Amino acid sequence: MCDDSVHQPIAVATAPGKFILTGEHAVVYGTPAIACPVAGVHAKAQVYPSDTEGIAVDAVDINTKIRTSIDLDHPISLATNNLLQHFEIEKAPALHVKLSSTIPIAAGLGSGAAITTALIKGLTQAMDLQLSTAELSSQVYEIEKLFHGTPSGIDNTVIAYAQSVWFIRDEALEPINTVSQFDILIADTGVASETMTAVAGVRERYTKAPSQYRAYFDAITELGHQARTHIENGHITALGPILSKNHVLLQNIGVSSSELNTLVDAATNAGALGAKLSGGGVGGNMIALVEPNTISSVTTALFNAGATRVIHTQVS
Ligand code: MEV
């Protein structure tokens with residue numbers, strides 16, 4: 001392998017994190033959801049030429065080296081080999097990829113999807129291949145299925161397109177037209193969020209009480225439509241109560257937790273316009289919609305209520 005310290009990468013690609021503004025879980029059942037990229041955190045792939053045959057990936061954060069022609073079951077190898085297969089490339093070029101990420105893991109912020117996205121983008125650039133964003137998203141989706149069972153596809157979509165989206169499963173995404181930018185605080189409970197387990201729990205409860213769960217999903221759908229209208233009309237303050245109502249519905253479907261509820265209450269008591277859990281729930285992150293003059297006080301309130309990390313992001 002070449003000494004990367006003396007080489008410039010031949011390709012560098014990044015992918016953002018994500019949060020879900022409205023509609024998580026219900027989206028698995030075909031209802032719309034709104035998801036936004038988080039530009040302040042990202043996964044990054046730096047691709048270098050190598051003296052060693054094949055593609056080697058160094059996942060630097062977890063101190064793991066993957067040889068994609070040998071460690072065939074590793075998700076990184078599957079992503080790489082699917083890409084080669086897509087382009088009918090039989091002999092992998094000699095490349096060394098350094099993969100890193102600043103996106104918190106198991107926090108509902110799309111870390112896995114972002115790592116796969118950065119990897120595929122980096123490799124396609126390094127090999128001078130043309131992959132459309134839709135194809136990129138669907139390649140990432142194949143890997144997401146390994147981790148999340150039956151994901152809706154929202155994470156790979158918002159991350160591959162790196163823009164706020166109105167997403168309905170198996171339909172073409174619609175970009176969300178943000179008239180006024182708005183501020184979101186993303187606070188971590190410090191409790192790992194296992195999306196697959198949370199989704200399976202909802203499935204179990206849905207199967208036992210389908211009409212009740214359908215009613216919850218319909219209510220979440222209605223909130224999603226209202227949220228989209230407010231965003232597209234620049235009525236940001238009206239968005240706050242919608243997020244809080246969505247949180248109550250997520251409590252009803254059993255995916256909140258005492259830690260999430262505590263952070264949601266702390267944010268709203270400190271002046272956030274609205275707050276809710278975001279993503280798979282049970283642990284992971286919550287989001288709070290804030291006005292610029294309450295960013296600091298709400299951040300302090302979230303830390304005081306036990307948040308282990310608070311990220312400020314602007315949606316524009
Ligand atoms: C995870 O980011 C969002 C969920 O709705 C799962 C999914 O859509 O696949 C909980």
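This is a predicted model: local features need pLDDT of at least 70, side-chain atom pairs count only at pLDDT 80 or more; totals for chains, interfaces and linings use all residues.
Residues are numbered from 1 along each chain as its sequence is written, and side-chain values use heavy atoms, with hydrogens and water left out. Local features need pLDDT of at least 70 and side-chain atom pairs count only at pLDDT 80 or more, while totals for chains, interfaces and linings use all residues.

The ligand is surrounded by 13 residues, each with a heavy atom within 4 Å of it. Lys18, His25, Pro151, Ser152 and Asp155 are the closest. By class, six residues of the shell are nonpolar, four are polar and three are charged. Here Asp, Glu, Lys and Arg count as charged; Ala, Val, Leu, Ile, Met, Phe, Trp, Tyr, Cys and Pro count as nonpolar; the others, Gly among them, count as polar.

Polar contacts are pairs of N or O atoms within 3.5 Å. The side chain of Ser152 places an N or O atom 2.5 Å from a ligand oxygen. His25 uses a backbone N or O atom, 2.8 Å from an oxygen of the ligand. For Lys18, a polar side-chain atom lies 2.9 Å from a ligand oxygen. On its own the ligand has 300 Å² of accessible area (Shrake-Rupley method, 1.4 Å probe). The protein covers 95% of this area.

Both domain 1 (4-175) and domain 2 (182-315) give residues to the shell, so the ligand lies between them. These bounds come from an automatic or database domain assignment.

Technical notes: A polar contact is a pair of N or O atoms within 3.5 Å; within protein, one must be able to donate a hydrogen and the other to accept it, and residues adjacent in sequence count only if both atoms are side-chain atoms.
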